[in-house]
Amino acid sequence: MSKITPLTILGIVNSNPKSFRTLYDAYYSYLCGIAVCYVHDIEIARELVNDVYLRVWERRATLKYPPLPYLISGVRNACYNYLRETKKAGEATLVLMDHIPEVPVYDDDEVEDIVKLISEVSESLPPRCAEVFFLHFNEGMDNSAIAEHLGISESTVRVQQKIAIEKIREQLKKNKLDL
C-alpha cells in the first residue's frame, strides 16, 4: 500500500482528482479483499467498494486523516446492506455483523506488517491447509465450492481453515500484532 499522508487528504478535500486517485489505488485491492470475505463474490465486492469510493468523493469535504478506518467501515456497512437487501445472508450472519465492533485504527505500517505476517504464515502452512486458506480468503470461495474443487468434505475445509486461522493468531500474538 502506498503512503497516504495528510496532504493527500487535503488534496481530496480540495477536489484534486490526482489525490483521490492516489487514495483509490492505495486501498482498492485491500478493500475488495475485505468485501469478498463478506459477500463471497468478487464482482459484487468491486461494485460495493466503488460505491464506497463514490460516497467518499461526494463527501470529500468531511474526509479526515487517516482514511483507512473510515473506508473499512464504509465497506463493511455496504456489504451488510447488500446482504440484508438481497437476503443472501441468513439472519444469524446479519445479527453477527451488527455486533462486529468498529474497526480499530491502524496506520499503514501496521497494516503492512499484518499482511506480511499473514502471508508468511500462510506460506508455512501444510500444503492442503494453505490451499484451502488461499481459496477461501484470496479467491473468495465458500466452503462447499472449495470442497468440490479439492474433492474433500466441507468439514475438512472448515478444519483446515481453523488450523490456518489459529496459526495466524499465534504468530500475531507472538509479534504483538494481536487483532
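# Helices, cores and rings in a predicted model

Residues are numbered from 1 along each chain as its sequence is written, and side-chain values use heavy atoms, with hydrogens and water left out.

Is Ser-19 buried or exposed? Ser-19 is buried, at a relative accessible area of 11%, given that buried means under 20% relative accessible area, exposed over 50%, and partly exposed in between, with a 1.4 Å probe and protein chains only. If we leave aside its neighbours within four places in sequence, Ser-19 is in contact (heavy atoms within 4.5 Å) with Thr-8, Gly-11 and Ile-12.

Stepping back to the whole chain, we find nine helices and zero strands, and buried residues make up 37% of its 179 residues. Among the contacts with a separation of 6 or more, 58% come from residues 24 or more positions apart.

Next comes the largest nonpolar core, where such a core is a set of buried Ala, Val, Leu, Ile, Met, Phe, Trp, Tyr and Cys residues joined through side-chain atoms within 4.5 Å. It has 31 residues, of which Leu-23, Tyr-27, Leu-31 and Tyr-53 touch the most other members. Helices α1 (6-13), α2 (17-39), α3 (42-58) and α4 (68-86) each supply at least two residues of this core, and α2 gives the most, with twelve. Apart from this core lies another, of eight residues, among them Leu-117, Val-121, Cys-129 and Phe-133.

Tyr-53 deserves a moment of its own, since it counts as buried at 2% relative accessibility, and, leaving aside neighbours within four places in sequence, its contacts include Phe-20, Leu-23 and Leu-71.

How many aromatic pairs does a search of the whole structure find? The search finds four, where rings of Phe, Tyr and Trp (its six-membered ring) pair if their centres lie within 6.5 Å, and planes under 30 degrees apart count as stacked, over 60 as edge-to-face and the rest as tilted. The rings of Phe-20 and Tyr-53 have centres 6.0 Å apart and planes at 90°, so this pair is edge-to-face, and it links distant parts of the chain, with Phe-20 in helix α2 and Tyr-53 in helix α3, 33 residues apart. The rings of Tyr-24 and Tyr-28, by contrast, have centres 4.9 Å apart and planes at 25°, so that pair is stacked; both residues lie in helix α2, four residues apart, about one turn of the helix. Ring pairs link Phe-20, Tyr-24, Tyr-28, Tyr-53 and Trp-57 into a cluster.

I will finish with helix α9 (residues 154-174), which has 21 residues and reaches 30 Å from its first C-alpha to its last, close to the 30 Å expected at 1.5 Å a residue, the expected span being 1.5 Å times one less than the number of residues. Its buried residues are Val-157, Gln-160, Gln-161, Ala-164, Ile-168 and Leu-172. Seen down the axis of α9, these buried residues fall within an arc of 110° (taken from the directions from the helix axis to the C-beta atoms), so they line one face of the helix. On the other side of α9, Lys-162, Lys-173 and Lys-174 are exposed.

Definitions and conventions: Predicted model: local features only at pLDDT ≥ 70, side-chain atom pairs only at ≥ 80, totals over all residues.
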